[in-house]
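Please consider the sequence and the model shown below.

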Protein chains: 2
Amino acid sequence: MGRRATTRRIGIADVALKAGVSHATVSRVMNGNFTVDATIAERVRAAATELNYQPNPVGRSLALGKTDTIGIVVPDLSNPTFQAILRGLSMAAAQDGYRVLIADSSEVSSEEAILAGEARRRCDGLVLCAPRMGDAELEELAPSLHPMVLINRTTTHASVPSLMVDYGQGIQELAGHLVGLGHTRLAFLAGPEGSASNALRLAGLEKFKAGHPEIDLHMLDGGSSFEAGHESADAVLASGATGILAFNDLVAMGLLSGLHERGIRVPGDVSITGFDDIPFARYTTPTLTTAAVPITELGQQAWHRMRDLIRHVPSDAANEGPTVFQPQLESRGSTGPAKA
Amino acid sequence: MGRRATTRRIGIADVALKAGVSHATVSRVMNGNFTVDATIAERVRAAATELNYQPNPVGRSLALGKTDTIGIVVPDLSNPTFQAILRGLSMAAAQDGYRVLIADSSEVSSEEAILAGEARRRCDGLVLCAPRMGDAELEELAPSLHPMVLINRTTTHASVPSLMVDYGQGIQELAGHLVGLGHTRLAFLAGPEGSASNALRLAGLEKFKAGHPEIDLHMLDGGSSFEAGHESADAVLASGATGILAFNDLVAMGLLSGLHERGIRVPGDVSITGFDDIPFARYTTPTLTTAAVPITELGQQAWHRMRDLIRHVPSDAANEGPTVFQPQLESRGSTGPAKA
DNA sequence: ACGCTTCGAGAAAACGCTTTCTCATTATTT
DNA sequence: AAATAATGAGAAAGCGTTTTCTCGAAGCGT
């Protein structure tokens, strides 16, 4: 059993001894149970503050069967999108006295399942951002992870709320925006292979192509990072496209920088759009046209769904189907009329 | 006691029953204790996998007196600096099988102490970023938080490692860089009042002034955010300074954007420096001259110090005094020769 | 074949708390 | 004043593990 050494933290027994009552009574007082006589309660409180007693959360968790902690699995903590989700989640959860435990899967899809399980066992619930996990695996894992909230994924299990961003719609709006400016040769700088949100964008673009047969749309391999955007500058130029749809803001910024180095003018020569509207998007030069996703709010929503799950609130609103966030077009400086 | 309802998670007792042994034996097998007969061990393992048994971490924590989790208190999760520390910490800790619990004090100094205590009790150790907490309070709190690692703070307690960034040195280098470019009228866009790292910068600048009496150095109120930098554009112009030392990269970027809007050329008219070298610093236009702080590495180091504390390694290296990280001048595009 | 050690596994205590059960007091009713 | 109800606090049973204690059953030497 536990570590025997050192000076042992002060526990409920010490307080009980000092106040001349039983542990049970101390517990009752600490938890605001009013069946304790006022004078005794006071004596206990005095002893507690004097000894600076703080209940051990682990013991408490074991007895109560809850940890007041939720876990979140993210694929990459260096990505501003997940940072924002984490922040929204953490702040909202803190409001209700919950803490958050983080697990970064480092974009390794095989880690996602393991981390999710581990985090879930330590917590009262799990928020899962697992863009790489296979559908089948997710489907199979879901029940064992309940209560769980999914971000940008769905399952058939009705008890698993999903928060989705309509990337398909957003990318179509961006493409439409470019076409509206007279661009006829577009290129999409794709995200990571097998990323669920990338697939949504691709689907959106297919739809767009169907509706705009006159538009020339190139598909370029990319990634999700700054560096990816930076490195694809040459490929973008080679494509001859004048309107570039970057996978996200990060990629767009990298591209912006790469083109700047090559003396290409944005939006004079080429127009660029991002996706997400990360905080930096409005401070690049030129400022970045993008599809704004209320991402911090999404994190916050994730907590609210989780809270309802934990409290067994009968999922008032969106019971069936995921909650969908519609990206909003933010027209800024990086897009302009196509060259005549 | 615990929630009685539902289908109860499967525990060690179920495995014991199924394998026809005692819980003790199951525990032994699960923990690789070789005093168990091989055939029995195999039977237990079979039962465990068949039932998909996963030990309850809370029970485990209680018995073992450790949680395999460390906490981190940050003042603002939306600040890239703390995001990077968190990331470095989390990744490094994960390598050793530890998780991290986050607590965001939202820049409220009174919250810092409370959150720190709560987080610490749930975890095996605490990494504390508390730029606002008073020295006296920190000093008093420190022992009760052990094992703890401090970021950008120190205490007199020898058992509390500190990781410090030498902001004083860094800001002097930046100032020297500007002076070397011919600037004689500088301005410092200060950070939040009462921020410890801001105080270090101020001290550095005092030293700088002493060594360069010919230089005119304005002090301007600022903040630590993008917006703060953006809003101080007018104040900067009014100061007449041509070399601006922004509190950090965020502020510098905000200022860059504010000046851009006013048609001021950087570095043609005004030179700007940041601090931290956040990832975006190399992708602004112009790219940002800054003092690079190996911030992710700092998070990583924080874990290593913590690990030594937890394992009772006799603090091999830097026993006395804090570990100091020297910022490195990154000369980029936002600084140039002063106008003739 | 008997006593000695070694091995292996079950019983039980411990970790620190919450909560049910139980029973002694005191207050209320007839 | 006796019977009954209400109150308040201690004893003890969990929560799910790990680990010490203990003891029966082998293994071994003489």
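In this predicted model, the C-alpha centres of domain 1 of chain A and domain 3 of chain A are 63 Å apart. Domain 1 of chain A covers 12-55, and domain 3 covers 167-293. Domain 2 of chain A is made up of 69-165 + 295-325.

How far may chain A be trusted? Its mean pLDDT is 92, with 96% of its residues at 70 or more. Residues 1-6 of chain A, however, have a pLDDT below 50, and beyond near neighbours in sequence this stretch makes 5 contacts in the model. Where pLDDT is low, the predicted coordinates should not be read in detail.

In chain B, attention turns to strand 1, which spans residues 69-74. This strand is mostly covered, with 6 of its 6 residues buried. The covering extends to both faces of strand 1 of chain B: one side carries Thr69(B), Gly71(B) and Val73(B), the other Ile70(B), Ile72(B) and Val74(B), and all are buried.

Strand 1 of chain B runs parallel to strand 2 of chain B (residues 99-104), to which 6 bridges join it. Within this pairing, Ile70(B) lies opposite Val100(B).

Note on methods
Residues are numbered from 1 along each chain as its sequence is written. Chains are lettered from A and ligands numbered from 1 in the order in which they are written. This is a predicted model: local features need pLDDT of at least 70, side-chain atom pairs count only at pLDDT 80 or more; totals for chains, interfaces and linings use all residues. Side-chain values use heavy atoms; hydrogens and water are left out. Buried means under 20% relative accessible area, exposed over 50%, partly exposed in between (1.4 Å probe, protein chains only). Helices (H or I, at least four residues) and strands (E, at least two) are DSSP runs, numbered from the N terminus. Two strands pair if DSSP finds at least two bridges between them. Domain bounds come from an automatic or database domain assignment. pLDDT is the predictor's confidence in each residue, from 0 to 100. Contact means heavy atoms within 4.5 Å.
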